[in-house]
Amino acid sequence: MQLDLLLLPKASFLYNEHLKGCWADLGYIQKLMVMILTILLAGIACAAVFGGFFFGMAGFFSLFDVQYDSWFALVKFVLCFFIIGFIAEPIAKVVILVTSIKLNSANKLFLVRNMINCFFSWVSIYTADAIVKSIDIPLLAEILAVAVLYLAEIAFESKEKSIVS
């Protein structure tokens with residue numbers, strides 16, 4: 001039996017005939033404005049994430065008496081940490097994948113996966129500290145920063161991802 005979809009009212013927010021060719025109808029200036037505003041919105045979102053991370057690190061460093069020469073040194077450290085972390089994250093995923101093949105127990109897998117993640121986070125912090133000469137982070141502060149990042153990662157991890165992993 002076939003449902004008669006013609007009797008159902010069309011929801012205007014799901015289907016709108018006059019919006020069908022909207023992008024094609026825009027002029028060059030309007031398309032340029034849409035692209036500029038989209039890039040601006042993405043830039044504001046990235047700046048908010050970077051700013052939150054920057055001020056979080058500044059607060060963390062002031063709590064643990066980390067010495068740095070200027071705010072610019074802290075900006076360089078955070079940028080280096082992001083870049084190194086961006087490179088180290090896929091490597092950590094590959095290492096986790098390779099080691100998870102050989103592990104049978106879910107508890108061992110959980111422990112090894114978290115140890116590998118913490119290790120690569122520490123390597124990112126240590127390497128960024130070594131690259132930026134105008135900042136000096138003690139080993140204890142590095143380890144505590146890794147612990148805070150680990151707890152934040154667990155807190156923001158989605159439930160579906162943790163069940164699948």
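Here is a short chat about the helices, a surface patch and a salt bridge in this predicted model.

Colleague: What angle do α2 and α3 pack at?
Modeller: About 115°, with the axes of the two helices 10 Å apart. α2 covers residues 28-63 and α3 covers residues 71-102.

Colleague: And is that crossing left-handed or right-handed?
Modeller: The crossing of α2 and α3 is right-handed.

Colleague: OK, which residues meet there?
Modeller: From α2 you get Phe50, Phe53, Phe54, Met57, Ala58 and Phe61. On the α3 side, the residues include Trp71, Leu74, Phe77 and Phe81. The contact residues divide into 14 nonpolar, no polar and no charged.

Colleague: Switching topic, which residues make the nonpolar surface patch?
Modeller: Ile29, Leu32, Met33, Met35, Ile36, Leu37, Leu40 and Ile44 make a patch of about 790 Å². One of them, Leu37, lies in α2, the helix that packs with α3.

Colleague: Now charges: how many salt bridges does the count come to?
Modeller: One salt bridge. Glu89 pairs with Lys93, and their closest N and O atoms are 3.6 Å apart.

Colleague: Where do Glu89 and Lys93 lie?
Modeller: Both lie in α3, four residues apart, which is about one turn of the helix.

Note on methods
Residues numbered from 1 in each chain as written. Predicted model: local features only at pLDDT ≥ 70, side-chain atom pairs only at ≥ 80, totals over all residues. Heavy atoms only, no water. Patch = residues over 30% accessible without salt bridge, like charges linked within 9 Å, V, L, I, M, F, W, Y side chains within 5 Å. Areas by Shrake-Rupley, 256 points an atom, 1.4 Å probe, with all protein chains shown as cover. Salt bridge = Lys/Arg side-chain N within 4 Å of Asp/Glu carboxyl O. Axes fitted to C-alpha atoms, helices over the stretch in contact; angles between N-to-C directions. Left-handed = near helix turned anticlockwise from the far one by under 90°. Contact = heavy atoms within 4.5 Å. Nonpolar A, V, L, I, M, F, W, Y, C, P; charged D, E, K, R; others polar.
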